[in-house]
Amino acid sequence: MHRLLTSLRSTRLGRFAGSGLVQLLSILVIFLVGRSTVVGYSSASSLRAMSVLAAFLGIAAMGQTLVVLVGGIDLSIPAVIGAGNVMASKLTGQGVSSPVMIAAVLATGLCIGLLNGYVSSRFRVPPLIVTLATGSVVGGAVLLWTNAALTGNAPSWLTGFTSAAATTGPLPLAPVVVLWLVLAAAGEYALRRTRPGRALYVNGVNREAARLMLVSDRAVLSAAFGCSGVCAALTGLLLAGFTGSGLFDVGSPYLFSAIAAVVIGGNSLLGGRGSILRCVLGAAALTELTTLLVGFSLSAAAQQAILGIVVVAVVASYGREQHIGGRI
Amino acid sequence: MTITQNAAARPLAQAAPRGARIAGAAVRSPLAVVTAMVVALIAADLAVTPTMFSGGHLAGSVNLLVPTALAAIAGVPSILSGGGGLDLSVGPLLGFVNVFAVAVLMPHGLGSGWISIPLCLLLGALGGAVNGALVAYGRLQPIVVTLGTYLFLAGIALVVLPQPQGGAPGWAGFLSGAWLGGYLPHSLVLLLAAALLWLALRRLGFVRLITAVGSDTRAAYTAGVDVAAVRLGAYTIGGVFAALAGLGLTGLIGSGDPTVGPQYTLTAMAAVALGGNALAGGRGGILGPVLGAATLFLIQSLLSALSVSSLWIQVVYGAVLLAAICLNSVVGTATRARPGAAGGA
């Protein structure tokens, strides 16, 4: 009886998690808790600020989602964010025009990502270690380039692009938030409806079966990591507008928060299960939650400790695996 | 002249096939690459700093190496138990043990080694057991669980001790010392304790159970292995090793510092991978990761001995790690792909 109940509950919860209902519910609950306990939590200005923060996290986590879908993990994201951030401000400071600067930043991210994907698949090395190593190289190179100091300045249009007070046409949202949602929608469409998108899932579910279906492991991993590199570099570029100048370690909070956003959204870190839509919900929920903890005026350390418990609790509510006895 | 040469050559010629066999087996071992790297790096280090193995230098180097090596060992059981097993909380746990010993036990008058060290080990086991219970019985993905405990422990350490604080217990002073005029550092006791614990678990068959669960969970389950209990045990043992690393860290820095611990996590994972353990589980031991930790340590000490700018160290460190991992994989696949070929040569 007990087993029947738990299996019933887990499948139903599992279906809800798949459709994103549980995530929507948790976003709503966190919002209501914030509204009733923190003064000004639900004011328009605070919501706008949260949406901008969620956009930065969401874009970085979108790349992580693609990597997670093929069963990998990208630890080089913070370093690439730092590289994008420093490149954007430095190049602008040297008088490089914005289109060239954007192209250079995104190309750098793409190259780092492609290297990650190529090395992981060619040498069959766990992506965890590969991205740890490339992250160390990129982070060190940026440090050398900037001597660990604030450098350059962001282009003026970028500051408006990422300002929480800015609007996009008739929408009361900052352009960066609109960019995030458009990118997420495009990514979700590509994952569901295009050939490369389906190849990502096939590879994530079963690499051997994917090989027999002529889905190239090397191409899929390179594409996923390449996208992740581009997303991280883009986040760094956008963050330059938010912070005003380039700093090498601007990306360090994103090491774990990008993974946490992916996980809270309900994506499986074992690969093959997940979507960008869930990652959007995860980024929104995580940003709400951190803002709530800041609202309780807790120290950064206490916030981190509570966040740790919450991540586990949230995932426990819908991300449990099947019992081993049920997998035989 | 010729006679002596011939006489010397004959036994050599007879020994050659057996030597080749041993060499072949050595190259096929997953430890081959990492051992070669350690030997090459020690040679390079000796060339740069000939005094490396003198009494004064040796103790300092070993004290630096011991926490890293123990952190690498702490990462082994969870990875070995498979199912995506991975303990990201190794670093924060060892850091929290350090904070616990200095900022919690000392002020309560529990600084004596006979009380404080067992309590620290118990704390490590408890931390590991929480991870293990959430993974094995909560059926959550290990990376999520240990990411949660990573954030929790790193945060709590800063709440308990916001600033680094001196006043380490007496046993920390002992651990930083050495016998035989510096040639036998006391901190090796911790490494020895970890090795003995691992050997004991091997004799008891528990390591074999972890390996069985890690290499094929379903087969182990159908064979009657209590998969969940084995996983719980694996994470708990990892926690004990992390606590030993925390003791080593306390001896090394002689104070309590809440920010040092978390840095050990990624180094430990890199050391385990360098040591030739499969990150997918089911294969590996503790000797490889210890050698992996030694490799990472020797790279850093070589670079600083060459007075390379500290900014360059991070770049070179990452590049060497990448190259070493690829080399490990190339040698591994080349030797596993044709098991008979090397024997025939």
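1. Helices (H or I, at least four residues) and strands (E, at least two) are DSSP runs, numbered from the N terminus. Chain B has 15 helices and two strands.

2. This is a predicted model, in which local features need pLDDT of at least 70 and side-chain atom pairs count only at pLDDT 80 or more, while totals for chains, interfaces and linings use all residues. Residues are numbered from 1 along each chain as its sequence is written, and chains are lettered from A and ligands numbered from 1 in the order in which they are written.

3. Of the 345 residues in chain B, 51% are buried (20 or more other C-beta atoms within 10 Å of the residue's own, with C-beta atoms placed from the backbone). Two residues are in contact if their C-beta atoms, placed from the backbone, lie within 7 Å. Among chain B contacts between residues at least 6 apart in sequence, 81% join residues at least 24 apart.

4. Within chain A, helix α9 (residues 195–205) packs against helix α11 (residues 217–243) at an angle of about 110°, with the axes 10 Å apart. Axes are lines fitted to C-alpha atoms, for helices over the stretch in contact, and angles run from 0 to 180 degrees between N-to-C directions. α9(A) and α11(A) are therefore roughly perpendicular (65 to 115 degrees).

Definitions and conventions
Parallel < 35°, antiparallel > 145°, perpendicular 65-115°, else oblique. Buried ≥ 20, exposed ≤ 12 C-beta atoms within 10 Å, placed from the backbone.
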